Amino acid sequence: MATHQLPPDMVVEMLKNNGFDKLKLFEADERILDALVGTDIEVMLAIPNYMLEEMSEDPDAAASWVDANVTSYNYNGGVNIKYVAVGNEPLLQTYNGTYLKYTLPALKNIQQALNHAGHGDQIKATIPFNADIYYSPDSNPIPSAGDFRPEIRDITIEIAQFLFENKAPFTVNIYPFLSLYGNDYFPVDYAFFDGSNKPLRDGDTIYTNVFDANFDTLVWALSKAGFPDMEILVGEVGWPTDGDKNANVENAKRFNQGLLQHVLSGIGTPLRKGNINIYLFSLIDENAKSIAPGNFERHWGIFEFDGKPKYELDLSGMQQDTGLTPVEGVRYMLKRWCVLDPNAKNLEDWAGNIDYACSLSDCTALGYGCSCNHLTLEGNASYAFNMYYQVMNQKIWDCDFSGLAMVTDEDPSDSECQFPIMIDYGSSVILRKRTFEILTTLGGYLMFSLLIRADFRLG
């Protein structure tokens, strides 16, 4: 979710310029699909969780969805559709079983609709799971002790059976960052790929990073269920650049570059040798995404909100200092900022105005350990006022705050904290909650989860 979004055709052009040749749309969106026509970029379309009940109970609804979003674009010279993702992490523990009874029937109805439309041999339905569907007990926290959660084990095995029969991958999202987040005792090096001073021993097997250990825990769970050789696709994996003390550009580059080198090396994990198919999460930051899980949720992007790369990333996995190509031709609003007026005298509503500005914009960079945490109280006020002012499209009446603020043409940014100027696209008025997620691959092996959201009207 973002308040202002780049035009789809510009984003698609950037994907082509960087050599990304596969992507996932988190929800079928006509504007994005139209921009993809003729590009030959392989696409995974997704059905959001709120549609699972309808898809599970009404085969005609599933057939209509396939007709409108797959058949309509799946022609010679159209959109190269490869997968349909049915829901997103529908068995997540925090959902408390909300989608439990809908997930498998929806999967079956969508695959059946694909088959009846003549697409079944080329287009497969899958389900992106959260890694919390499997676990190792606290008393024996090693991969070989892994199994599916008891309360969903039966349904997960049924889903795995259906996927296996239809030659579709088992898709799972793995986040080493979350192992480190909120756990000061988690060994930092173990979250990365460049060595660990605290490896995990599982019998004769040594794990030097949590990604491999997590992946092989799933391999063990599938093996115990009777699917030792089932194809596994990592649907999301990445590292945020702000919003937490461990979320910064240095760690994100370290993790993502190490990840690419690891999955493309052919070494694989102790249980699965060879290249690993992964989706690197995500493409562009989202300044309106929910921060209920943490402030970092708005900062997963490899690219800034305006399509500029945050850091160099060698997509070949060779660790060369090569850059990504930005979105070109971006249009910005005027170079002006809203800051605290140094001559302001009415400071009684200082805190209230800051809280108000942050409640309707994005102040996650001000948090503990974040990129703008070093600002003074005055700097915090200026940052909050400016974020609100930019989100509201630089309207003069949105830079007042009880007489505390003023507009300036002098950039208040410093070397660590950027006061952004908003791109001149979109609207600050939320019209609907529709999202789309872009995932791409190189050479059939490496997949990137490049996320953008379509929750606001393009202006």
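Is Y50 buried or exposed? I looked this up to start, and Y50 is exposed, with a relative accessible area of 55%. My cut-offs, with a 1.4 Å probe on protein chains only, are under 20% for buried, over 50% for exposed and partly exposed in between.

Before going on, a note on the source: this is a predicted model, where local features need pLDDT of at least 70 and side-chain atom pairs count only at pLDDT 80 or more, while totals for chains, interfaces and linings use all residues. Residues are numbered from 1 along each chain as its sequence is written, and side-chain values use heavy atoms, with hydrogens and water left out.

**Y50**

I placed Y50 in the loop between β2 (42–47) and α3 (52–57). Helices (H or I, at least four residues) and strands (E, at least two) are DSSP runs, numbered from the N terminus. The Y50 side chain makes a polar contact with the side chain of E27, at 3.0 Å. For that I count a pair of N or O atoms within 3.5 Å; within protein, one must be able to donate a hydrogen and the other to accept it, and residues adjacent in sequence count only if both atoms are side-chain atoms.

**Helix α8**

I checked the length of α8 (residues 210–224) next. The expected span is 1.5 Å times one less than the number of residues. For the 15 residues of α8 that gives 21 Å, and the end C-alpha atoms are 21 Å apart, which agrees.

I found α8 mostly covered, with 11 of its 15 residues buried; among them are F211, F215, L218 and L222. At the N-terminal end, N209 caps α8, with a side-chain oxygen 3.2 Å from the backbone nitrogen of F211. After α8 comes G226, whose phi is positive, near 100 degrees.

**Helix α10**

In α10 (residues 350–359), I listed W350, N353, I354 and A357 as buried. They cover an arc of only 100 degrees around the axis, which puts them on the same side of α10; the arc is that of the directions from the helix axis to the C-beta atoms. An α-helix has 3.6 residues a turn, so residues three or four places apart point the same way. On the other side of α10, D355 and S359 are exposed.
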